[in-house]
Amino acid sequence: MDYITEFIAMMISASTAILLAALGEIYAERSGVLNLGVEGMMAVGATIAFYATLSTGNIIIGLLSASISGMLLSLIHGFISITIRSNQVISGLALSMMGLGISSLIGRNLIGTPLRNSLGIIEVALLSDIPVIGAFFRQNALTFFSYILTAILWYILFKTKIGIAIRMVGDNPKSADSLGINVYTVRYRCTLLGGALAGLAGAYLSVAYTPTWIEGMTAGQGWIALALTVFSAWNPLYALIGSYLFGGIRILQFRLQPLGLSPPLLSTLPYLFTIISLALLNIEKIRWRIGAPQHLGKPYHREEA
Amino acid sequence: MKVKMIHGLKIERREEPGLPARILLKVLAVILSFLFSAILFAISGIDPWYAYTLIFVRSFTYSGLAEITTKLIPILLCTVGLIVAFKAGIWNIGAEGQLLLGAVGATWIALFVDVYDPLRLPLALLVGMIFGASWALIPIILKVRLNVNEIVSTLMMNYVASGIVDYLVYGPWKGAREWGFPYTDKFPDTVWLPLIPGTRIHWPTLIFGVFSSIMVYMLFSKTVLGFEMKVCGQGRKIADYLGMPYGSRLMIAMVISGGLVGLAGVGEVCGVHRRLRYASSISSGYGYTAIIGAWLSGLNPLGSIPSAFLLAFLLTGRDIIQVSLGLPFATSNIFNGCILLSMLVVEALGRYRVRWGRWTI
Amino acid sequence: MMEELVRMVRITKRFSNVVANDSIDFTLYRGEVHGLLGENGAGKSTLMNILYGLYKPDDGEIYVEGRRVYINSPKDAIRLGIGRVPQLPELVESLTVAENLTVLLPGLHASSGLDYILEVARRYGISLDFDAIVYHLSFGEKHKIELIKGIVRGSKILILDEPTTMLSPWEVNSLFDCISKMRDEGRGIVFVSHRIPEVLRIADRITVLRRGRCVASVTRNEVDEHELVRLMIGTDIDRHTVRDRVELGEEVLRVEDLHVLDDMGGEAVRGVNFYVRRGEIFGIAGVAGNGQRELVEAITGLRDVSRGRILIKGEELSSPRRFRLYGSHIPDERIGLGLLPSFTVLDNIALTFYKNFSNNGFIKFNELKLHTERLVETYDVVTPSLGTLAGKLSGGNIARLILARELSSDKDLIVAVHPTFGLDIASTNKVRKLLLELRRKSAVLLVSEDLEEILQLSDRIAVMYGGRFVDIVEADEADPEKIGLMMSGVMGS
C-alpha cells in the first residue's frame with residue numbers, strides 16, 4: 001500500500017466518529033433542535049459500548065446499547081427543549097457535562113482493560129486494491145455503514161416527504177403545524193436519531209477505532225461534529241466530505257510529530273482548524289445567508305407567536 | 001372522530017413568578033439535583049448517604065470553609081465575567097481558556113520579565129487580565145466580522161489554550177529545579193498574593209471579586225454602556241435599527257468578561273499554586289462551573305456571590321469524595337449537569353400552574 | 001339549500017386578561033360565502049383559529065355537519081374537511097412551490113401527488129411556476145400557493161383570512177372568480193375581512209364582530225355600507241382626514257440610481273430615483289414583495305447598497321448610526337425589531353431616548369420614567385405598568401408603543417412602514433392626523449400596501465413594481481384606478 005492510500009485510509013477511519021455524530025446532529029438541527037450535548041452523548045456511548053461488548057462478548061449488543069444510551073440522553077434534551085420549551089443551549093451544555101461525568105463514573109474500572117473482540121478491517125475484494133480509491137474499501141464495518149447511512153439520510157432529507165416535513169418543521173413550524181404535521185413528534189424523532197448516532201459515534205471510538213477505553217477519549221470530537229454540522233450547511237453529503245478534512249487534520253497531527261514539533265501544540269491543530277474553517281466558510285456564506293434552519297433553537301408553541 | 005373526555009391535571013400558563021418564588025425554585029433545583037445524583041451514585045454502587053454525609057461533615061469545618069472560600073474566588077470572578085457576556089447575548093463558553101491565558105500572562109511577568117520588583121504583582125494582575133481579555137476578543141471578532149458561532153469557537157479555544165499551557169510547562173517554561181515535573185519554577189515572593197494566615201485564601205482577589213459583582217450590577221442597571229450592551233445582545237439587526245455600535249459593544253462586553261476571568265487565572269497561579277502547572281491542574285473546570293453560576297444567579301451579578309459559594313462547596317465536596325471513594329475527577333460533572341437540567345425544568349414549571357380540570361382528547 | 005356545515009355555539013376565548021371571543025355564535029351553510037366582518041382585534045382571526053384547531057376555546061361547542069366535534073389541532077380540522085388560507089403566507093421559503101404543496105398528499109417520494117396539485121391549479125385557473133423556490137416569489141404568488149393548499153385541504157369548508165390585504169386589484173378579481181367557483185361546487189366559505197366593499201361584493205351572508213362579540217348576522221340584501229360601518233365601529237366615525245397645504249422646505253432625503261440586493265443575492269431594487277422635502281409626505285404604493293422592504297432597509301442603513309447612493313441632508317449615508325442621527329423608522333417587523341418583547345415598556349421607550357436622559361454615562365431613569373409616562377398617556381398605550389414586559393401587551397398596544405417612541409423623537413426624516421397596520425379605526429385616524437401634522441417640520445416617507453392610506457396622506461405618490469418606480473405622481477393628479485393598474489404591473493407610466 002502506498003503512502004497516499006495509507007494516509008487516506010487512516011484519514012477515513014479517523015473521521016467516521018465525527019461523521020456519524022454530525023449526521024445525527026444535522027437531522028436534529030434541520031428539525032429545529034440545537035443539541036449541544038453531542039460530546040456528552042458520545043462519551044457515554046463510548047463507555048457503554050465498551051462495557052457491553054466486554055461483558056457480553058458481542059459487538060452488536062455493544063453498538064446497540066451505545067445507541068440506546070445516546071437516545072435516552074437526547075430524550076432529556078428533547079423533553080427540555082421541545083416539551084417544556086426551555087433554553088436549548090444550556091440544556092445541551094448540561095447534557096455534555098452530565099454525559100462526561102456519567103462516562104467517567106461507569107468507566108472508572110475499565111481503564112486499561114483490553115477488548116478481546118473489536119470491529120476488524122474488512123477488505124472488499126478487488127476494490128480495495130485500487131490505489132487511492134481502495135482506501136475507502138479497506139475499513140471496518142461501521143465505516144462502511146457510515147457511507148450507506150450518509151446516502152440514505154441525504155435521500156430522505158431531500159427527496160422524500162419525510163424530509164420535506166423535517167425541513168418545514170425546522171424552517172417554519174407554524175406552517176408545518178397548519179398543514180397537519182405534528183411538530184413535536186418530528187422534533188422528538190430527529191432529536192432521538194441525533195442521540196442514537198452520537199452514541200454510535202462514541203461506540204466507534206471505543207470498540208472500533210482505538211479499541212480501548214480511556215477517560216475523556218472523545219476529546220472534543222463531539223464539539224467538532226457540531227462545527228461540522230454548520231460547515232456542511234446541514235447537508236449529509238457535505239458532512240461526509242467535511243469529516244474527511246477534519247479526519248485528515250487529526251492524522252496530520254500524528255504525522256508531524258516525528259518532525260520534532262511539540263505534541264501539546266500539535267494537539268491543538270484540529271481545534272484551530274475548526275475555528276479557521278468556520279471563519280473561511282462564512283466569508284462567502286454571510287452574504288447569502290444560506291443554510292441554517294430558520295427556527296433553529298427556537299421552541300414552538302401553537303398559541304404563541 | 002373519536003372523542004374522549006377525561007379529568008386530570010391541567011396545565012396553565014401564569015405570569016412571571018416574583019423574586020422570592022424564583023429563589024425558592026432555584027433551591028428546589030439544587031435539592032432535586034442532589035436527589036438525582038444520589039440515584040446515579042446508588043446505581044453505580046456507591047452509597048449516596050455515606051458520600052453526602054462525608055461532604056457535609058468535612059466541609060463545615062474551619063479548614064473546609066477555608067477551602068470553600070479559596071475555590072469561591074475563581075468561580076466568583078468567572079461567574080461575574082460570564083454574566084457580562086451572557087447579558088450582552090454572547091455565549092462565552094470559553095472561560096476555561098481565558099482563565100488559563102490569564103495564568104500564562106501572570107507567569108510571564110512573574111518569571112520572565114525584568115521589572116522593578118514592587119511593580120511585579122500589579123503588573124502580573126494587569127497582564128493576566130489583558131491576556132484573558134485578548135483571548136476572549138478573538139472569538140468575538142470572528143463573530144462580529146465573520147458570523148462564526150461563538151459557542152463552537154470559544155469551546156475550541158479552551159482546547160487550544162490548554163495545549164498552549166501544556167506546551168509551555170513541558171517545554172520552554174519547564175522549571176530547572178522541578179525534576180521532570182511539568183511545572184515552571186516557583187514564582188518569586190514579590191508576585192505572591194497575600195493570604196489570610198493559615199489558609200490559601202488570597203483575600204485581595206476575593207475583595208476584588210465582590211467589588212466586581214457590584215460594579216457589574218451598576219453597569220447594567222444604571223449606565224449607558226450597560227444598556228447598550230444589553231440591547232446589542234438582542235442581535236445585530238436590532239443594534240443597526242437603533243443605530244447602536246453592535247461590534248464595539250460586544251467587544252467591550254467580551255473584554256470585560258475575559259478580563260475578569262483572566263484575573264481568576266492570575267489568582268490561581270499567584271495565590272494558590274505560585275507556579276504554572278499543566279492545564280488541568282490550574283483550572284479544575286472553573287470556567288465550566290461558572291456557566292452554572294451565571295445561570296444559577298439568574299444573570300444577576302449580585303446573585304453570583306451565593307451561587308459561587310454553593311458551587312465552591314460542591315467542588316470541595318468533589319475533592320473530598322474523590323479522595324475518600326476513589327472516584328474519578330470528572331464524576332462531579334454529573335452533578336453540574338444535573339443542577340443545570342433541574343434548573344431548566346423547575347424554571348419551566350414556575351411558568352405554569354397545575355390544576356385539576358377537564359381534558360378533551 | 002340551507003344545509004348546515006358548521007355551527008359554533010357560545011365560543012369564548014381569553015388571552016391572559018383579554019377576552020378575544022365572548023360567547024360568539026356562528027353558522028356556515030353549504031354553498032355560501034359568509035363574510036366575517038370586523039375591525040382589527042375584533043376577534044375574527046381568533047374565532048377562525050379555533051375552528052381550524054390552532055387555538056383551544058375556553059368554552060363553547062362546535063358542530064360540523066350536525067355532529068359535535070373537538071378540534072384539537074389543524075390535523076383534526078383537516079380530517080373534517082376544513083381548509084384555511086392564512087392572512088400572511090405560512091410557507092417554507094427555502095423549499096420549492098411543489099415541495100410546499102405535495103407534502104399535503106400521501107406518498108413517500110417528494111414529488112408524488114404533484115399531478116393532482118397541477119390538476120387543482122388548472123381547474124381553478126391558478127398559474128404558478130411549481131419548480132421555483134418560494135423565497136423568490138412575490139406576495140401575490142405566495143398567496144396563490146396558500147389558496148391551493150386551502151382548496152386541497154378544505155374539501156367542505158374553506159376559511160379565507162383577510163385574503164385581499166396585500167393583493168393588487170387585479171389579483172383580487174381572479175381570487176373572487178375562484179371563490180365563486182368553489183361556492184358553486186357546494187363548499188362553505190368564510191371570508192374574513194375588515195373591508196366592507198369587498199364583503200358586500202362577494203358574501204351571501206355577513207356576520208359582524210365587535211370587540212369580541214357578535215353584533216349582527218344578516219343576509220347580504222338586508223344591509224348597506226353605512227349600516228355595516230355603524231355595526232362594525234359602533235358609532236359613525238368621520239374617516240376622512242383633511243390634508244392641508246404645507247410650505248415645502250429643503251430636501252432631506254435624496255436617492256440616486258439605487259440598486260439593492262435581497263437576501264439571496266437577487267436584485268430587489270433596480271435603479272430608483274427620488275427625493276423627499278421637508279413639508280411633504282412621499283408615499284410609496286405597491287404590492288408587497290416588489291422591493292419596498294429592501295428599499296426601506298437601504299435608506300435606514302440596515303442593508304448594503306450595491307449601486308447608487310443615498311443622501312440624508314446632503315451627506316451620504318454610511319452607517320445605520322448616520323441614519324438614526326437624523327431619522328426615525330417605524331419598521332414593518334414590529335416584534336423583535338421595532339419592539340423588544342423581553343424588555344420592559346420603559347426600556348423599550350428608552351431604546352431611542354436613553355442618550356437624551358443621560359449624564360456622564362449614567363442614565364437618569366427617574367426623568368426617563370416621567371417622559372415615558374407622558375408618552376404612554378399621549379399615545380393611549382394600555383399597560384399595567386412601565387415595568388411590564390412589552391411582549392405581554394396586545395398587538396394594538398405594541399403598535400402604539402412603537403409609534404410613541406418613533407414619532408415623538410423630533411427627527412428630520414420619518415420613515416413609516418405600514419404605520420397603521422393592526423390598529424383600530426380610532427387609532428388609525430389619530431396616527432394619520434399625526435403624520436400630517438409631523439410633516440410641518442419633517443420629511444415623511446410613507447410605505448404602505450393600503451392604497452387608501454397612501455392616497456389620503458401623500459403629497460406625492462410613487463408606485464413601485466418589480467424593484468422600480470413605475471411612476472411618481474402629484475397627489476392632486478392621482479387616479480386610484482390607474483395606480484391600481486400600475487401596482488399590478490399591468491400598466492406602465
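Guide: Two strands pair if DSSP finds at least two bridges between them. Helices (H or I, at least four residues) and strands (E, at least two) are DSSP runs, numbered from the N terminus. Residues are numbered from 1 along each chain as its sequence is written, while chains are lettered from A and ligands numbered from 1 in the order in which they are written. This is a predicted model: local features need pLDDT of at least 70, side-chain atom pairs count only at pLDDT 80 or more, and totals for chains, interfaces and linings use all residues.

Visitor: How many bridges join strand E13 to strand E20 of chain C?

Guide: E13 covers residues 281-285 and E20 covers residues 443-448 of chain C; the two run parallel. C:Phe282 stands opposite C:Leu445 in E20(C). The bridges that join E13(C) to E20(C) number five.

Visitor: Which strands of chain C stand at the edges, each with a single partner strand?

Guide: The open sheet has six strands of chain C in the order E16-E19-E20-E13-E21-E22, with mixed pairing. Neighbours are turned by 15° against each other on average, direction ignored. Two strands have one partner each, so one side of each is left without a neighbour in the sheet: E16 (327-330) and E22 (468-474).

Visitor: At what angle to E16(C) does helix H13 of chain C run?

Guide: H13 (residues 395-407) lies across E16 and strand E19 (413-417) of chain C. Axes are lines fitted to C-alpha atoms, for helices over the stretch in contact, and angles run from 0 to 180 degrees between N-to-C directions. The angle of H13(C) to E16(C) is about 170°.

Visitor: Which residue in E8(C) is the bridge partner of C:His34?

Guide: Strand E3 (residues 33-37) and strand E8 (residues 188-193) of chain C run parallel, joined by five bridges. Within E8(C), the partner of C:His34 is C:Val190.

Visitor: How many residues does the contact take from domain 2 of chain C?

Guide: Domain bounds come from an automatic or database domain assignment: domain 1 is 4-233 and domain 2 is 251-487 of chain C. Their centres, taken over C-alpha atoms, are 31 Å apart. Contact here means C-beta atoms, placed from the backbone, within 7 Å. Domain 1 of chain C gives 14 residues, and domain 2 of chain C gives 16.

Visitor: Which helix gives the most to the side of chain A that touches chain B?

Guide: The contact takes 43 residues from chain A and 40 from chain B. On the side of chain A, 28 are nonpolar, 12 polar and three charged (Ala, Val, Leu, Ile, Met, Phe, Trp, Tyr, Cys and Pro count as nonpolar, Asp, Glu, Lys and Arg as charged, the others, Gly among them, as polar). With 14 residues, the top contributor is H4(A).

Visitor: Which helix gives the most to the side of chain C that touches chain A?

Guide: Here 23 residues of chain C meet 21 residues of chain A. Helix H2 (74-79) and helix H3 (97-102) of chain C each give two or more residues to the side of chain C. The most, three residues, comes from H2(C).

Visitor: Which helix gives the largest share of this core, the largest nonpolar one?

Guide: A nonpolar core is a set of buried Ala, Val, Leu, Ile, Met, Phe, Trp, Tyr and Cys residues joined through C-beta atoms within 7 Å. Among its 340 residues, A:Ala21, C:Leu51 and C:Val463 touch the most other members. The largest share, 16 residues (183-209 is the helix range), comes from chain A, helix H8.

Visitor: Is C:Glu453 buried or exposed?

Guide: C:Glu453 sits in helix H15 (residues 451-457) of chain C. Beyond four places in sequence, C:Glu453 touches C:Thr420 and C:Ser448. A residue is buried with 20 or more other C-beta atoms within 10 Å of its own, exposed with 12 or fewer, and partly exposed in between; C-beta atoms are placed from the backbone. C:Glu453 has 22 C-beta neighbours inside 10 Å, so C:Glu453 counts as buried.

Note on methods:
Two residues are in contact if their C-beta atoms, placed from the backbone, lie within 7 Å.
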